[in-house]
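Here is a colleague's note to read alongside the model. Please keep the sequence and the 3D view open as you go through the points.

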Amino acid sequence: MTVAMAPPKISSARLIVCYAAILGTLPYLTLKASWVTGGSLGLRDPSFVDSDLMVFANLVTGGMDVVAVLLALAFTYSWGRRIPAPLVLFPIWIGTGLLAPIVLDIPVIAADLTTTQSADLPLENWVWAVVYGGFAWQGIMLLTAFVLYARDRWWFVVTGTVKPGTIGGAGLLGIVTALVCAAFHAIWAFGPGGVAARGQDIVIAVLAVLAALALANVSRGRFWPRLVLVWTGAGTMAGTGAWGLFAALTMGSADRAAVLAVQVVGGALMMVSVLRRLPAVEQAT
């Protein structure tokens, strides 16, 4: 007779992190649902979201938060470990790239929001605080849930060291791209724009440089600290670059599009390069 095995019990801490992450998506999803259905929640100028292009943009960005909800659940419950790795890793990698810079820059963003009050913008001032506060909350909680999930599913990455080897042409090209893009973001940080935007450029530049250094030294010592730096820096390059291109298409501002396109490609090359080292880590444990 076969005895059914009970599924492993989920810790209270993981459940709290999961539903805290989901809670962080609700304000943003509420705003998006209102705007897509013709509501005016948080809008000074309702015509701002009336165009087909803005409806599409709101559907896309709202959908991204729906994906965050699904990821939080997948990282917590046992069925999430049966999902093919690429279907989990790609969205959380992009999510890391979009959310980590906001988390790191949130003190600057908060200071900017408390000192900048403009009546000319189409959104109420409180909307910015709700949106960025929600993103920072999601970043902390969702990435915590992912770390706990990855520790269980890919434990060898945490405990292993990587065997010596080269990062290949893709890795070298990714490193060069990261340094070039970091230079552009450093220049943009001292150009025109709000304090929060300048802070974001500085954070992106720093993360890109750290990722380049980590990838260049990936075969030295423990693998996971270098993987974390490449994951975050390359994800930031790809995520913010892709978002910048999306904004350029929807807002009609393409002055940085070429750099952002190169940035996306560079981030992808760095991530591919570091993931190719995973078999060497598994063999070394």
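The numbered points below go from the overall fold to single residues.

1. Ground rules. This is a predicted model, in which local features need pLDDT of at least 70, side-chain atom pairs count only at pLDDT 80 or more, and totals for chains, interfaces and linings use all residues. Residues are numbered from 1 along each chain as its sequence is written, and side-chain values use heavy atoms, with hydrogens and water left out.

2. Overall make-up. You will find ten helices and zero strands in the chain, giving the pattern α-α-α-α-α-α-α-α-α-α along the sequence. Helices (H or I, at least four residues) and strands (E, at least two) are DSSP runs, numbered from the N terminus.

3. Burial and surface. Of the 285 residues in the chain, 44% are buried. Buried stands for under 20% relative accessible area, exposed for over 50%, and partly exposed for what lies in between (1.4 Å probe, protein chains only). The accessible surface of the chain is about 14500 Å², and 72% of this belongs to carbon and sulfur atoms. Accessible areas come from the Shrake-Rupley method with a 1.4 Å probe, and for residues only the protein chains shown count as cover.

4. Contacts along the chain. Among contacts with a separation of 6 or more, 79% join residues 24 or more positions apart. A contact means heavy atoms within 4.5 Å.

5. Helices H2 and H4. Two packed helices are described by the angle between their axes and the distance between the axes. For H2 (residues 52-74) and H4 (residues 125-153), the axes come within 9 Å and cross at roughly 35°. Axes are lines fitted to C-alpha atoms, for helices over the stretch in contact, and angles run from 0 to 180 degrees between N-to-C directions. The crossing of H2 and H4 is left-handed, a term used if the near helix is turned anticlockwise from the far one by less than a right angle (right-handed if clockwise).

6. Who meets whom there. From H2, Asp 65, Ala 68, Leu 71, Ala 72 and Ala 74 meet Gln 138, Leu 142 and Tyr 149 of H4. Sorted by class, the contact of H2 with H4 has six nonpolar, one polar and one charged residues. Here Ala, Val, Leu, Ile, Met, Phe, Trp, Tyr, Cys and Pro count as nonpolar, Asp, Glu, Lys and Arg as charged, and the others, Gly among them, as polar.

7. Phe 75. This residue is found in the loop between H2 and H3, and is buried at a relative accessible area of 1%. Phe 75 touches Arg 14, Val 88, Ile 92, Leu 142, Ala 145, Phe 146 and Tyr 149, leaving aside residues up to four places away in sequence. Its C-alpha atom is separated by 5.2 Å from that of Tyr 149, 74 residues apart along the chain.

8. How many salt bridges does the structure hold? There are four, a salt bridge being a side-chain nitrogen of Lys or Arg within 4 Å of a carboxyl oxygen of Asp or Glu. One of them pairs Arg 14 with Asp 152 (2.6 Å, N to O). Arg 14 lies in helix H1 (residues 12-36) and Asp 152 in helix H4, so the pair ties together parts that are 138 residues apart in sequence. Arg 14 is buried at 15% relative accessible area, whereas Asp 152 is partly exposed at 28%. Arg 14, Arg 151 and Asp 152 are linked in a network of salt bridges.

9. Two further pairs. Arg 44 and Glu 124 meet in a salt bridge (3.5 Å, N to O). Arg 44 lies in the loop between H1 and H2 and Glu 124 in the loop between helix H3 (85-115) and H4, so the pair ties together parts that are 80 residues apart in sequence. Arg 256 and Asp 201 also meet in a salt bridge (3.9 Å, N to O). This pair links Arg 256, in the loop between helix H8 (223-251) and H9, to Asp 201 in helix H7 (residues 195-216), 55 residues apart. Arg 256 is partly exposed at 29%, while Asp 201 is buried at 8%.

10. Ala 205. Look for Ala 205 in helix H7, where it counts as buried at 9% relative accessibility. Ala 205 touches Ala 182, His 185 and Ala 186, not counting residues up to four places away in sequence. The C-alpha atoms of Ala 205 and Ala 182 are separated by 4.0 Å.
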